[in-house]
Amino acid sequence: MIPDNCKLERFFARWEFSVEHLLCASDVDGYPMPDLLALADDETRGLWEGLTLGYTETTGLPALREEIAQQYTALNPADVTVCGGGAAEALFLVANALLGPGTHAVVGWPAFEALHRVAAATGAEVTAVPLDPDAGWRLDPDAVRKALRPTTRALFLNFPHNPTGALPSRAEFEELVGIGTEAGITVVSDEVYRYLEYEPGTTLPAACDLDPRAISVGVMSKAYGLAGLRIGWLASRDEELLRTLRAIKDYTSVCASAPSEILALIALRAREQVVGRCRRIIDANLERVDEFFAEWADVFHWVRPRAGTVGFPRLLLATPVEEFVDDLARSESVLLLPGSVFDCDDGRVRFGLGRASLPEGLRRLDGYLRRTVRGRA
Ligand SMILES: Cc1ncc(COP(=O)(O)O)c(C=O)c1O
């Protein structure tokens, strides 16, 4: 089984390292290595300095699993599997463990591609349930219930959401996870943007804490600004599911990179500082983009995200969005991501809030609009 092309990765492969300003990235600026090492405690500094570069434990460094398990209220370290290929690997494993021909999955829409293209490649049927842009990108639990079939095995959720920045209330998230409990299916909850909520007290509980069958996916790439480590994880109390996932992982990453595991451990132990840095970058950028979208309300319809690193405004110009993105990249070296990458053809573009260079990217976009949009020259 070969999944359909990953449109996002193909788009980034073309542009990511040739433009000066990525105004659409979903990660946060990478944490500088010396700053991260300076956060090590005695134990992790010892691990780092005594590191040998052999294979590592297939389920993950025990101290790292212990640290990850502390993010959950109902889990033990044994319920955690570290994935050396990030959350992308974690999602690949879950889809392959749960789905196949004759099965069915439900996914909130739009969706990060690993949440649905791998599922479809297993031979499963996939029903997309749209989030409503006019209701703050709400995923309607009744619409999810209606999409279920007797063959449904998995419900894929992703909150905080890529690409919209949607975040449901706690009650609504509990209702969505509860649908899995009622139907006896696995809720696969992609929580990679957890801890990047803008309002205090709005962090959702993890699905794996709410339901013993649910599986939560985490990663170091987003809230920690450590995408280069490629450390992700799967957390669930469903032992049988974990066994299946691990059996598949023996054919993918096998184990995680030894240096990455220790660096991830250092970061998790210093979570407040590491996540705090990412949140400060995002908070400052949010203010800037709010001002920008207020100024350009006739060009972009902006639904302000509630969490995470991205938002998904609609371009109101007659120019096709691909053409707009292409011309902006070529003339200003500023990259936006066309919504067509998410199979959305209603003129949307993804904005990313995780880069400290955002003000300069916005300044160039502003100049571009002043030049090209009639009446603003
Ligand atoms: C919702 C979601 N899940 C998973 C991932 C994969 O994360 P990583 O590439 O760090 O494995 C991403 C990355 O953009 C994402 O947005």
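Modeller: Tryptophan 137 lies in the loop between strand S4 (125-130) and helix H7 (141-147), where helices (H or I, at least four residues) and strands (E, at least two) are DSSP runs numbered from the N terminus. This is a predicted model, in which local features need pLDDT of at least 70 and side-chain atom pairs count only at pLDDT 80 or more, while totals for chains, interfaces and linings use all residues. Residues are numbered from 1 along each chain as its sequence is written, and side-chain values use heavy atoms, with hydrogens and water left out.

Colleague: How do you know that the peptide bond between tryptophan 109 and proline 110 is cis, and where does proline 110 lie?

Modeller: The omega of that bond from tryptophan 109 to proline 110 is about 5°, and the bond is cis; proline 110 sits in the loop between strand S3 (104-109) and helix H6 (117-121). A cis bond also joins phenylalanine 159 to proline 160, with omega near -10°, and proline 160 belongs to the loop between strand S5 (152-158) and helix H8 (170-183).

Colleague: Why are H12 and H14 called roughly parallel?

Modeller: The axes of H12 (residues 271-295) and H14 (residues 358-372) come within 10 Å and cross at roughly 10°, the axes being lines fitted to C-alpha atoms, for helices over the stretch in contact, with angles from 0 to 180 degrees between N-to-C directions. Angles under 35 degrees count as roughly parallel, over 145 as roughly antiparallel, 65 to 115 as roughly perpendicular and the rest as oblique, and H12 and H14 are therefore roughly parallel to each other. Their contact (heavy atoms within 4.5 Å) includes Phe292 of H12 and Leu362 of H14.

Colleague: What makes H3 roughly antiparallel to H11, and which hand does their crossing have?

Modeller: The axes of H3 (residues 42-49) and H11 (residues 258-269) come within 10 Å and cross at roughly 165°, and that makes H3 roughly antiparallel to H11. The crossing of H3 and H11 is left-handed, a term used if the near helix is turned anticlockwise from the far one by less than a right angle, with clockwise being right-handed. Among the residues in contact are Leu47 and Trp48 of H3 and Ile262 and Ile266 of H11.

Colleague: How do you know that H1 is roughly parallel to H13?

Modeller: Helix H1 (residues 7-15) and helix H13 (residues 321-332) have axes that come within 12 Å and cross at roughly 25°, which makes H1 roughly parallel to H13. H1 passes H13 in a right-handed crossing, and the contact is made by Phe11, Arg14 and Trp15 of H1 together with Val325, Asp326, Ala329 and Arg330 of H13.

Colleague: How many residues surround the ligand, and what is the distance from asparagine 162 to an oxygen atom of the ligand?

Modeller: There are 15 residues around the ligand, with Asn162, Asp190, Tyr193, Ser221 and Lys222 the closest; a residue is near a molecule if one of its heavy atoms lies within 4 Å of it. An N or O atom in the side chain of asparagine 162 is 2.7 Å from an oxygen atom of the ligand, a polar side-chain atom of aspartate 190 lies 2.5 Å from a ligand nitrogen atom, and one of serine 26 lies 3.2 Å from a ligand oxygen atom.

Technical notes:
A polar contact is a pair of N or O atoms within 3.5 Å; within protein, one must be able to donate a hydrogen and the other to accept it, and residues adjacent in sequence count only if both atoms are side-chain atoms.
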